[in-house]
Structures are given as C-alpha cells and as structure tokens.
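Trainee: I would like to go through the terms used for this model and ask what stands behind each of them.
Mentor: Go ahead, one term at a time.

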Amino acid sequence: MVGHDGRDYFVRLPNTEFDLRISGEQLRVRWDRPITDPMDVLIVGGNETGYFRDARLPLLKDLVAQRGACAGISALLSSAVEVHPHQVRAALTILGDPVQRYLLADEVGLGKTIEAGYVIRQVLTDDPTARVAIMAPNTLRRQWQRELRERFFVNDFTQAVLRIGAHETPERWADYRGFDLLVVDEAHRLVEVADASSSPYAELVSVAHSVPRVLLLSATPVVWHERTYLALLHLLDPDIYRWDDLAGFARRVETRMTLARAVFSMDSAFEQLLPTAVEEIAALIPNDPRFRLLADSALKLLDANGDLIDQPRRPELAVRIDGLRAHIGETYRLHRRVIRNRRQTVLRESETDATLPFSVTGRRRPVMLAVDEAAVEAGHDLLLAWQSRVAKDLLDRRDDDNAEVYGAVLGVLASRAGGSPVDLRDALRWRWNVDLDAAARAGLTADEREALHAAPLVASETELDVSVSEGGEARSDAAVARLLQTVARKHHHVVAFCGPGLLAHRLTDLLRQSSDLHVAEHTDAIGAEDCETQVRSWMDHGGVLIADDSAEDGLNLQIADVVVHCRLPQSPNRLEQRLGRVDRYSSSGHKPAQQIIVSSPAGEFTFLGAWTALLVNGFGIFTESVSTLQAGIERVLSEVWRNGILDGPRGLADAVEWVHAALVDERRDVDTVDMLDAIYESTAGLRDIANAIGELEADWRKMQRALSVYAGDGPGGLRLSVRESSPTSVVKYGRGPVPPLMTPRLLARSGIVGRQTMVGAFNRSVALRLPETRLFRIGNPFVDLVADVVAIDDRGQATAYWRQHSGSAQAFFGFDYLIEADTSLAIAVTDGNAQSKRALRRQADRLLAPFMARVWVHAAGGVVNDEDLIGILNQPYDPRRDLNINHNRASVLLDHFGGRHQYAESARAADATARDYAVRSADLVARCSEASTAATRSLAIARAQVKARQAAGRLLNDTESMLVDVDIATRLTEALRTPTVRVVSVTCCVLGRLLAGVGAG
C-alpha cells in the first residue's frame, strides 16, 4: 500500500505497470496472526500460486509429525543425544506433569544428566526468558556447562538466565530464590545432616521451597538411610514429609520392607498359602479397611481348607490378588514423584524396531600388579602392626564389644594404604595428636575424622614409628610411577585412581618430570577449572589421568582402556561410584576397561590383598554393578572391618562366603521391594514415544527436503539461502540476496534468532559426531521461527488453478485438515496457566498423535474416492499444464461457478462434506478408538490408585494432585471421541480442457 486519498487506497502489486485504486471494503491486509479459516482467503480471492502450497504443506505435515512423535516435548527431538526409552519416559513423566518436582534416582551411569537436560531445554523452549539454577559439586560444574552447551544448546536462549552454582558456596544460593527451575546434582551430598537447620541443607531448603520446579539427582538408593531419604523428600514436599516426623517415616520404611516380603508370598497359584499371607499382612496394617475388603473378596473364592472352590474361577482369583497387590503397592509406596531406573532393567529392555538398546561398557575382574619396594611395604606393615596392637589390647581386655568402632578406624586407615605410606601416617597423626594439617594432607572427611576419634587410643599404638624419610617417600612414589608408566605405554587412555590424600598430586609431578607421557591431573590441589581442562586434554590426546577422590563422582570417563587402582576405598559403595566413571553408557561398543590393582608381593597376607579378594569374590563388584545393594553393603560392612580388626587380613578373607550369601539375600529383598514400589503405570498401553521418535529419525532426509524447499529460494520458498557441506552434511541457512518473504515483525524476530541455530544437521548421527552441531527439529529456535511463518503466512493456505485435462471441466475442492485431541474440557478444571495448558496438550498428544488428512470433494457434491482421480488432483502445481487463478484471471473461475456467491456457497458446502467424511473416516475412528482404549485403561488404574491413597490418607496425605489428575484424564478421555478437525489448507482445482485463448502458467 503506497497511499490513500481519504476514501480509497493505492496498492502496488509486483509485475504490474500501474498502482491499483481499491476501496476499504475490498482491501484485505496480510498480517502476522494465524488465519482463522483458509476458506475465507479462498473465497475473497486471496489465493496464491500453487508453488506456495506445494512448499508449505510438506513442511507443515513434517512439523505435525514431529510434534506427534515427541508428544509435544520438542526437547526430545532438538537435543543432540541418543534416544533411549528409559530417559524419554523420565522426561515425559516430568514434563507431562503440571507439578514438576521429582527425584531422579537412576543407578549410576544410566543418564540422569540427560534426563535433566531434556527438562532444562524444554523449560527454556517453553519460556525463553526462564531462569534456571543448577547446583553441582565444584568439580562437575564445567562438565555441566559443556554438556548443556554441546548437547542441549542452552546458549540458543540469549534472554534466559542459567546459573551453575557450586555445592561448596551455599552463601550464594539465595540468588536462586524464585527461579523457574532448580536442578541439584549429587543431591544426597547436601542432605546428610542432623536436622533441617544445618548448613548447607537449610540454605537448600530455602531455595527449593521458593522454586516451582525442582529436580534432585542422586544415584544413591533413596532408602539407604531414612534421614537422608526424608531430607530429600522434604525438599519436594515440606507439608507431607516433615522433619518432626522422622520416627513415623522410619516406621513406614520398616513396615514397607516387611510388607514387601509378605506380599511376595501372596501368589494366586498357591492358594493354600493365601489365608496365612493375608493374615500376616493384616497384622502389619490393622487399620487399613480397604485391604480387608479386597482380601475378603479374594478369600471368598476359597473353601475352609484354602482350596479353590471352583477351578474355572482361577483367573478371577488371579485378578483379585493382583488388585490386592496393587492396593498395597500404591498405598505404601513412599512417594509418587521418585523416578528410579535400575541398570538390570534398562539393559535387558528389548530392542525396539526403531531405537538402539542402551549399552554400558561393562566390567572385568582385576589383575594384581605387585610393587616390590621396601618403602611401599612399610605402609602395609605399619597397618598390620597397628591392627595387631589393637587386637591384642581388645583380647587382653576381653572387649570384643568395641571391636566395631576400631574396625571403622581400620577401614579409614586401609583406604590410605598403598604406594607411599605418607597419607596413612598423616591419618594416624590426626588420630593420636589431632594434627589438623596432617588431616588435611590425608584428605580426611568430617566423618572419617570422627571415626578415627571415636575409638579410644590403645597405649601401645602410639609407640609405632610414623616418621617417613625423604628418600623412602621418593622411592615408593617412583615405584608406583614406573608401574603407571609401563601400563600407559601399552594403552591409549589410562585412569589411575589414588583415593584421598596427596598421592595423586605427587605421582603427577613425578611422571611429568621423568616421562614423556601425556599426564593429566584431576585433584583438589589444582582446582576445578584446571581439572576440567586436563580431563578434556586427556580425552583428546590420551595418556594417563591421575586422580584423587575428587574424580569419583559424576565424571564421564568411559573412554578409558585401563583403570589402575593405586588404593582402594574402605567401602564398596564408594568403589561403585569410582567404577561407574568408566562403566557407563557407550554407543561405540567400547570394551570393558582392564582393571589393575597395585598390590604388594605379600598378596592376601596384607589388608590390601585380602580386601581385594573380598571385593572380587564376596561383593562381586568387579563383575556387575552393586548399586542396588548399597543398603545391604552398609549393613555388612561394619562386621567385615570388625573381623579385620580382630583377625587381621584373614578376617577379611574368611568373610567372602557369608558376604556373598548376605548380598544374594539383599538382592532378593531389593527385587521384592521393587515389586511393591513399582509404579502401576497409568501410561500402560499408551504410545511408545521413544519408538515413535526412532521411526521419525529414520526419515531425516524427508525432513531436510521439507524445510529446505520451504525456507529456500525456489518457487514458493521464503528466499533464504541454503548451503550444505558435502563432507560433513552440515546445512547452513542464511539471508539471501533479496529480502525473505516474512512479515515485518517475524523478519525482525529472525534477527534475534542466533545464527548458530541456523547451522546444523538433519541426520542425528552427524550431530552426535560433531559437538555443538544443532539438529533441525522443532525446539530449534530457527525451526520454530519458520514454523510460526507456516502458521501465520496466508501464502499457500489457499490455492486455485485450472488443470488441463481431457474431458469437460469439473471443479474440485481439496481440504487439508489438522486433526488433534481436544483439550478444552480438561483445561477447564485447571488454573488455565500456560504451564498447565502445555502439560495437558502433551498428555493429549501422547494419547492421540496429531496428524493431517486430505479430502477431495466434487463441487457438484460427493467425496472423491477414485484413486486414479485423487492421484491426478494431488499432483504438484505445474505451470506448464496448470493455469494459476490470480486476480487477473478470477473471472475464469467465477464464471465456471456462475458468480462469486455461488463459488462461496459451493466451497462452504464442500468443506462441510469433507469435514463430515474426515470425522467418520475409518482411519480417524480407528485412531480415536485405540487412543480411547489406552486412556480408559490408564484412567481405571489411576482411579484405583486414588481410592488406595484416599483410604490411606492418614499415611500419605497426598491425594489432591492425584484427584486432579484423574479429573483431567476423565475429561481428556471423553474428548478423544470428538477430536478437533481444523482446515489448514484449501485448494480449488478445475480439471478439464482450458478455455479457448487461455494458456497455462
């Protein structure tokens, strides 16, 4: 529009010689809001050439397919990570819940960081101005930064606030109050406190209770310690999980274990045992009337002897017992917002048609390499001498009762034995003289210092010589360094774990001075920033990475070929964390790292040798993960070290069989509790989103064609430049030589979409291979901008042309519909905020994946079902045979219909016919029926859960959110029967011979 004279407007069109004078009634303005109904555009003559439709529709279909595949959670697509079902399920559970406060308690190495990364990216996608805080140990902060930058591309959200704070600086956490999302890594480290007022827990509580979304990450089993578990749950819900009810919470944990064992014995296949099992359970939960009701219903099928009255009713008995078990599981599960994937479950998940199985590098039994050096032997001898003096004192005083506290001391000292004895002697100096400098050098934690003090001094122990000659220290370090050098020359990536103390730092200095190896260091002595830099250098260049205990949590070191244990920790649980650095997810088929333990020639006659044998043969930790057994390990550990203090190395060696037996029992108990804890999935029967994503990813070339055609400078495109790098398959979009076809405000928005988002890959494998390479999927800001143009721009929403064909002219209308579940009824029972709407839309998309359908209708009436005719009508616009009906040729089309009024009436009638056909189509009916069946099953389970929780309200007080969920699910289920059908594109095609004097084009 170039001007007006007060009444009419002057409009300049491309390819015309003169400006047009148009009245206000005739003027239609292109704006940057979505078109309500493309039919309006068609009827008023605003249709554009078929090029725009043919460019727009494939991309629109692809965008809808992406949304359906990921159930509206675009972070699952736009993050550069492998797609694995258990991680996808975790993200779906969290992001599909209006209340996003969860504990992610997956076992070590299963990808909690990936699950949290999905949530972080989705929060930023939903609100690019969101504020996100992450709290992690200082040594892991840079790893978080790298992961979020390279895999989840948080740098795309320039208006967002992302802070990665350290565990070690609680005084700064107040800055995170009121943020939109709080993520706490290694959360168990911050909650092992005596009460809620202790620092840093008090500061964490203050932040967590001020933030609407909270994710706690902890690989430590959440039932390991009642106080720790309660402290974690209190962060999620301070009203239900109160600190002043620790005793009650502990009783619930204890009852839960006993219940699990009793429920495990309740099997419908052995009906004679059912009456006894029911009475045993009833005695544990005497105030649960619903259990009694369900139990009586099952027992009515048995006679007085406990036999089934009628054999054909055995399936009915099984159903009633399942219902009874479900009630107990839901009622006495401790919290519904705990997500815990177990390694054995994830690894045995069957490979789907579209996703790869989750695989870890695995483990190997260790080999022992002895260091024959007198100075090293002096450390082992010192530990034996200390133990023998304490054991003699206990024997003389007949004081076996105190052996356990001295066993705890032995465990601490044994963790400093190996290599140079300096750290061991510093630990003894702390025990004897409260030497703070010595304690710091030995890396003693607060708990270790307390353990060393808890056992009274034995007079004779202080007579031991703990002096270390400078030469002795140097010789012992040199001997270990030579061993590391030998190993490193045969392998590419070696990790040497030295445990706490200064051994790692000394070995690093020594190897750098005496060897041409590439030596990297990860120790508290050099600081977190240097640790990150050196680990990256080791990954890139190989060599040996020497680490103290600071590297035993959180790091991803699965690239290692060999792990050398210069010392072993006093607890298998700590060793499990260490092994988890290398026994992690690996997509490259990396073989298990070789495990080497630096030993003594005296072998099992030293504590190190006996402890190694117990770890290998008793705990079995080098064969498979013991992550799920940590509670049981803690229970037997004190007895193990008690045996060690009384009987020396032989006491550890003699524990192999009973430790193994105890852990077999523990594993059975864990499996039993898992059965009770199992969340009776209300998602049973729903679409497999991970598999849907996998199927979508297989057709990445189709995605590339759709986006590049629409965004590119070809006919109907936005006129952006598109360049693909042939060696890497990386695609780059950018400004072309002419302004792109975008509305002014969208064009302005394109200026703030980072250029980095316009460079990326369509093939996920390419993005995984090249760090910081983005994926062109929904959720990418550039793709989302283009998607907004697709939704707003009227070009391509209405098309009219005359297609040359034999026979008399016949007119047809083609309608492209977007069909999706209706969420309006469900929204009515929420607060209606943006987060609730998004969560509901995602729940609905998981029930019924949105899809597009095209229907052709004859202008004279009736749906076109002839496949040959449909094929002709579906062919792309081709100016060589098709006549585009522009404003200059409108009369050609209108004359065929007998005028504009008849044209409009015919189009409206065709829309009604097509819409009715789409709603009644076999495809839509089948999809809705499948979704409704799944939703109904989900709803039935949810209702059963609510009844169980209502009946146990005195125990859980956590029914409100479940009740709301059920109400929402009910309304969503009802809405599935009548999904919304919205036209997104309409085409008028006249098929027949062109009129005389009119040419195609």
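Trainee: What makes the largest nonpolar core a core, and which residues have the most contacts inside it?
Mentor: The model is predicted. A nonpolar core is a set of buried residues of the listed nonpolar types, joined through side-chain atoms within 4.5 Å. The largest such set has 96 residues, and Leu76, Ile120, Trp144 and Leu557 have the most contacts inside it.

Trainee: What is Leu76 in contact with, leaving aside its neighbours within four places in sequence?
Mentor: Contact means heavy atoms within 4.5 Å. On that criterion the partners of Leu76 include Cys70, Val88, Ala91, Leu92 and Tyr118, and also Ile689, Ile693 and Arg764.

Trainee: Which residues of helix H19 are called buried, and which exposed?
Mentor: Buried means under 20% relative accessible area, exposed over 50%. In H19, residues 446-454, the buried label goes to Glu448, Ala451 and Leu452. Ala446, Asp447 and Glu450, on the other side of H19, are exposed.

Trainee: How do you know that the buried residues line one face of H19?
Mentor: Looking down the axis of H19, the buried residues fall within an arc of 95 degrees, so they line one face of the helix. They pack against helix H16 (403-414) and helix H17 (422-433).

Trainee: Why are strands E16 and E19 said to stand at the edges of their sheet?
Mentor: The sheet is open, with four strands in the order E16-E17-E18-E19 and mixed pairing. E16 (720-724) and E19 (774-775) each have a single partner strand, so one side of each is left without a neighbour in the sheet.

Trainee: How do you know that E18 and E19 pair, and in which sense?
Mentor: Pairing requires at least two bridges between the strands. E18, residues 759-761, and E19 have two bridges, in the parallel sense, so by that definition they pair. Gly760 has Arg774 in E19 as its bridge partner. Helix H29 (residues 700-711) packs on this sheet, touching E16 and strand E17 (731-735), and the direction of H29 makes about 15 degrees with that of E17.

Trainee: How many bridges join E2 to E3, and how many does E2 have with E1?
Mentor: Four bridges join E2 to E3 (residues 20-23), which run antiparallel; Phe10 stands opposite Arg21 in E3. E1 (residues 3-4) and E2 (residues 8-11) are antiparallel over two bridges, with His4 opposite Tyr9.

Notes: Residues numbered from 1 in each chain as written. Predicted model: local features only at pLDDT ≥ 70, side-chain atom pairs only at ≥ 80, totals over all residues. Heavy atoms only, no water. Buried < 20%, exposed > 50% of the residue type's maximum accessible area, 1.4 Å probe, protein only. Arc of directions from axis to C-beta. Axes fitted to C-alpha atoms, helices over the stretch in contact; angles between N-to-C directions.
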